Amino acid sequence: MKFLTDEKLLIVGAAGMIGSNMAQTAIMMHLTPNICLYDPYAKGLEGVAEELLQCGFEGLNLTYTDDIETAFTGAKYIVSSGGAPRKAGMTREDLLKGNAKIAEDFGKNVRQYCPDVKHIVVIFNPADITGLVTLLYSGVKPSCVTTLAALDSTRLRNELAKYLKIAPDTVVNARTYGGHGEQMAVFASTTTIDGKPLTQLIEENVIPEKDWEELKLRVIQGGKNIIDLRGRSSFQSPAYLSIEMIAAAMGGPSFRWPAGVYVNDAKFQHIMMAMETTIDKNGVSFRPVDGTPKENAELEKSYEHLCKLRDEVIELGIMPPISEWGKLNPYMDQPTR
């Protein structure tokens with residue numbers, strides 16, 4: 001059996017629906033034979049491990065534990081869904097305080113037990129903030145941490161395909177940037193539909209402006225729609241996309257979607273947000289995003305919203321003031337690209 005690597009992959013929050021789906025996806029994609037499942041809920045964790053072991057996968061060295069030191073020690077790749085789930089009536093931002101504290105503990109565990117980790121994917125909401133907190137307390141380079149933002153872009157692809165009654169594969173480069181939340185920036189200028197620019201279809205009234213605005217809202221509220229339909233938050237799509245991200249960091253196929261990345265440049269400072277990114281064995285890098293004037297304004301609004309959430313976490317005492325970040329993680333004082 002051929003694997004991308006034999007290094008240890010740690011799935012945090014593995015007893016939950018996202019975590020258990022991540023574990024199965026990682027096994028089926030043959031990322032590594034050495035997968036460790038961690039969750040403080042020991043009974044549920046054992047149940048997940050038993051199910052996976054009963055699948056009869058070949059070449060698999062699956063371990064599971066509710067002990068933090070055992071789980072984190074030696075981990076080279078980590079994907080964490082270890083926060084509280086979003087429930088009906090909640091926004092991603094409603095999870096801020098509790099999950100930011102979980103992210104603080106998560107980052108400290110990385111620093112203590114696996115400081116040479118190669119890549120971390122954070123997906124528990126609000127992911128832009130929990131990823132930022134994780135990065136700060138872990139002390140790793142910004143290129144080592146990404147957050148799940150792709151789900152908004154895949155939802156845009158899906159909504160366009162449904163609206164136009166076409167195959168999803170004909171929708172190319174659907175993109176959202178900025179925050180993974182109510183203030184995300186949904187771009188039209190990046191996308192082509194069967195080779196035609198989406199902006200042209202909007203101008204030609206193939207997709208009337210009113211319908212486009214309603215479609216954007218469905219993308220922004222995509223998570224709420226899943227909760228309404230299934231009675232619980234998304235788990236299959238975030239699980240799959242996050243494992244695609246960690247696979248790219250292991251040297252697998254390129255990740256096709258934007259990812260949340262730490263940005264500290266002339267335009268956006270000290271923030272984690274979705275950009276146009278490349279994830280590979282060297283970590284994550286990003287390219288500047290430039291759309292229409294309206295799209296750029298929406299991206300600026302999204303950035304400002306994220307800054308407010310970041311500052312709220314600082315006011316809660318979970319993160320120190322930005323001026324003190326360099327004491328915890330000197331890499332975060334440096335410009336990024």
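**Helix 9 and the overall architecture of the predicted chain**

The buried residues of helix 9 pack against helix 6 (150-164) and helix 8 (209-220), where buried denotes under 20% relative accessible area, exposed over 50% and partly exposed in between (1.4 Å probe, protein chains only). Helices (H or I, at least four residues) and strands (E, at least two) are DSSP runs, numbered from the N terminus. The structure is a predicted model, in which local features need pLDDT of at least 70 and side-chain atom pairs count only at pLDDT 80 or more, while totals for chains, interfaces and linings use all residues. Residues are numbered from 1 along each chain as its sequence is written, and side-chain values use heavy atoms, with hydrogens and water left out.

In helix 9, which comprises residues 222-230, the buried residues are G222, G223 and I227. These residues cover an arc of only 145° around the axis, and therefore lie on the same side of helix 9; the arc is that of the directions from the helix axis to the C-beta atoms. The face turned away from this buried side carries the exposed residues D228 and L229. Helix 9 is followed by G231, for which phi is positive, near 80°.

N296, found in helix 11 (residues 293-315), counts as buried because its relative accessibility is 18%. When its neighbours within four places in sequence are left aside, N296 is in contact (heavy atoms within 4.5 Å) with F187, V289, D290 and G291. D169, by contrast, is placed in the loop between helix 6 and strand 7 (171-172), and counts as exposed because its relative accessibility is 64%. The C-alpha atoms of D169 and G19, which are 150 residues apart along the chain, are separated by 28 Å.

At the level of the whole chain, there are twelve helices and 14 strands, and the C-alpha trace spans about 60 × 50 × 40 Å along its principal axes. Buried residues make up 54% of the 337 residues. Among contacts between residues at least 6 apart in sequence, 73% join residues at least 24 apart.
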